[in-house]
Amino acid sequence: MTESFIGHYHPFASFPNTRMRRNRRHEWSRRLISENHLTTNDLIWPLFVHEGTHRAEPIKSMPGVERLSPDLAIDAAHEACQLKIPAIAIFPAINETLKTPDGDEAVNSSNIVCRTVTAIKNACPNIGVLCDVALDPFTQHGQDGLVRNGYVANDETIEVLCRQALVQADAGCDILAPSDMMDGRVGAIRSALDKAGYEHVQIMSYAAKYASAFYGPFRDAVGSSRNLGNADKRTYQMDPANGDEALREISLDISEGADMIMVKPGMPYLDVIRRVKNAFGMPTFGYQVSGEYSMLRGAADSGWLNGNQAMLETLLAFKRAGADGILTYFARDAARLLNNA
Ligand code: PBG
């Protein structure tokens with residue numbers, strides 16, 4: 001609905017001729033007039049992986065979410081497939097001993113991400129697999145790129161990101177998702193992929209990614225919060241104060257070859273999703289990040305709100321804002337409910 005529509009009709013639409021509650025009176029009627037729908041096709045399920053076999057480890061700040069060994073990640077992928085979740089995202093918690101200042105393990109073609117992706121694609125070829133392109137799970141300082149003179153060096157980082165993208169594509173990753181916010185990395189990754197014959201590998205760019213406190217639990221999950229300490233990511237992630245800047249970020253990533261774009265975090269930034277969808281009409285995704293999950297889950301576990309209802313309401317709100325899909329730690333729970341509805 002557009003503003004002009006309201007302006008045009010408003011003078012005629014007055015009580016008692018117009019009773020907005022008429023359409024809401026019956027359940028069938030509410031179904032009939034509903035504008036947006038959430039389905040399992042809208043969901044991407046992020047999974048955390050770590051070394052071992054048959055090893056699941058709870059994440060304290062994300063109740064109900066566990067780090068999984070690769071074999072358990074395969075089981076989760078199977079379950080996602082059965083639930084008709086189109087894609088999963090793989091995030092690693094690597095051993096502290098493998099972390100280096102420059103995050104070398106990120107470009108090791110047999111690192112935990114690559115091994116897990118290959119195993120999942122072999123076991124479950126029909127699910128889409130997405131991988132982050134960024135160095136923070138692999139660096140001793142927890143930053144997304146290479147730190148030079150106290151600053152995350154843009155161009156030098158891009159070279160490593162391209163190598164990371166290539167090992168992940170080699171492993172069978174379907175969608176590469178640069179989450180690092182370096183300038184120019186989408187174009188560089190696109191041409192690196194194309195040169196290596198991976199012209200079909202998709203790029204979902206974390207195009208408007210804000211420097212957010214809501215990533216806290218994720219950093220616990222991948223084990224980067226201790227490394228990061230009191231440092232932050234404000235010299236590359238966006239200022240939460242800015243909306244116009246998100247449109248510039250996104251237009252650049254589109255021109256560099258992004259197939260899909262993402263806004264992150266989600267719930268506090270639904271206005272940005274709407275603006276982006278209106279401006280570009282691209283496949284647009286919202287990331288309901290770890291802190292949003294934990295907030296809802298914590299309140300539900302305390303009995304302060306109805307968890308299932310609140311979860312589905314937030315996911316539907318992403319759709320209403322214009323998102324084509326949502327990355328959410330609730331994907332499995334939501335899909336179970338949607339499939340049984
Ligand atoms: C890594 C990355 C982060 C998230 C996704 N990829 C954390 C960060 O930028 O510090 C956050 C996801 C979440 O909070 O659920 N660059």
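Predicted model: local features only at pLDDT ≥ 70, side-chain atom pairs only at ≥ 80, totals over all residues.
Colleague: How many disulfides does a search of the whole structure find?

Modeller: A disulfide needs two cysteine sulfur atoms within 2.5 Å. The closest cysteine sulfur to that of Cys 124 belongs to Cys 81, and at 3.6 Å it is too far for a bond. Cys 162 is in no disulfide either, as the nearest cysteine sulfur, in Cys 173, is 14 Å away. For the whole structure the number of disulfides found is zero.

Colleague: Is Cys 162 buried or exposed?

Modeller: Buried means under 20% relative accessible area. Cys 162 has 12% relative accessibility, so this residue counts as buried.

Colleague: And Cys 124, buried or exposed?

Modeller: The cut-off is again under 20%. With a relative accessibility of 4%, Cys 124 is classed as buried.

Colleague: Which backbone oxygen lies 2.9 Å from a polar atom of the Asn 111 side chain?

Modeller: Asn 111 sits in the loop that links β4 (87–92) and α4 (112–123), and its relative accessible area is 1%, so it is buried. Leaving out residues up to four places away in sequence, it touches Ala 106, Phe 138 and Glu 105. The backbone oxygen at 2.9 Å from the side chain's polar atom is that of Glu 105.

Key: Residues numbered from 1 in each chain as written. Heavy atoms only, no water. Buried < 20%, exposed > 50% of the residue type's maximum accessible area, 1.4 Å probe, protein only. Helix = DSSP H or I, 4+ residues; strand = E, 2+ residues; numbered from the N terminus. Polar contact = N/O pair within 3.5 Å; in protein donor to acceptor, adjacent residues only side chain to side chain. Contact = heavy atoms within 4.5 Å.
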